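Dear colleague,

I am handing over a structure for your attention. Please have the sequence and the model open while you read the notes below it.

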Amino acid sequence: MLTTSSILVKQWIVKQWLDGDTVEITAIVDIVIPELDVRVSLSLDRNLRIYGLDTPEMHSKNKEEKARGEAALRYAESLAPPGSIVNVKIAKGKDKYKRFLAKITLPDGDDFAGNMLLAGHGTAYYGGKKNGK
């Protein structure tokens, strides 16, 4: 029986933004099993929903909401372009679409959701029914 092993996420890399509150991220993971003198690195891609943020829908039939959703996506891409190394903290569970809920800290130390909210590209949202829906 193995007594010690560890799994460590070395880096979180933005692969692409799917919309203003959903990112596809690559986790670079190290698995270490000292007893076997084994160290394996692998990358895993996952979609994460930003915890504490709801942005307008890009695929809405409402032209104004769609335009606001596209603007939110562009702003998200400006904050953390593809290839950016960010810090990810899985917040709690998954959403109804099975995406992990996560907080993202930008390379400069700022909170991603906080920046989006301050710029007017979303509303604070922590689960449950949305206003007006």
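This is a predicted model: local features need pLDDT of at least 70, side-chain atom pairs count only at pLDDT 80 or more; totals for chains, interfaces and linings use all residues.

Residues are numbered from 1 along each chain as its sequence is written, and side-chain values use heavy atoms, with hydrogens and water left out.

Overall picture

The protein has two helices and five strands, arranged from the N terminus as β-β-β-α-β-β-α. Here helices (H or I, at least four residues) and strands (E, at least two) are DSSP runs, numbered from the N terminus. The C-alpha trace spans about 60 × 30 × 25 Å along its principal axes.

Of the 133 residues, 36% are buried; buried means under 20% relative accessible area, exposed over 50%, and partly exposed in between (1.4 Å probe, protein chains only). The accessible surface comes to about 8,400 Å², and carbon and sulfur atoms hold 53% of it. These areas come from the Shrake-Rupley method with a 1.4 Å probe; for residues, only the protein chains shown count as cover.

Among contacts with a separation of 6 or more, 55% are between residues 24 or more positions apart, where contact means heavy atoms within 4.5 Å. There are 20 positive and 17 negative side chains, and the centres of the two sets lie 7 Å apart. Lys and Arg count as positive and Asp and Glu as negative, without His and the chain ends; each charge is placed at NZ of Lys, CZ of Arg, CG of Asp or CD of Glu.

The barrel

Five strands close into a barrel in the order S1-S2-S3-S5-S4, with mixed pairing. Neighbouring strands of this sheet are turned by 50° against each other on average, direction ignored. The axes behind this angle are lines fitted to C-alpha atoms, for helices over the stretch in contact, and angles run from 0 to 180 degrees between N-to-C directions. Two strands pair if DSSP finds at least two bridges between them.

S2 (residues 22-33) pairs with S3 (residues 38-50) over 12 bridges, in the antiparallel sense. Four residues lie between these two strands in their hairpin, where Asp37 takes a positive phi near 55°.

S3 and S5 (residues 100-105) pair in the parallel sense over three bridges, and Ile50 faces Ala102 of S5 there. S5 is also joined to S4 (residues 85-94), antiparallel, by five bridges, with Lys103 in S5 as the partner of Lys89. The hairpin of S4 and S5 has five residues between the strands, and Lys98 in this hairpin takes a positive phi near 70°.

A loop residue

Where is Asp108 placed? Asp108 lies in the loop between S5 and helix H2 (112-118). Asp108 counts as exposed because its relative accessibility is 59%. Asp108 and Lys98 are 10 residues apart in sequence, and their C-alpha atoms are 29 Å apart in space.

With kind regards
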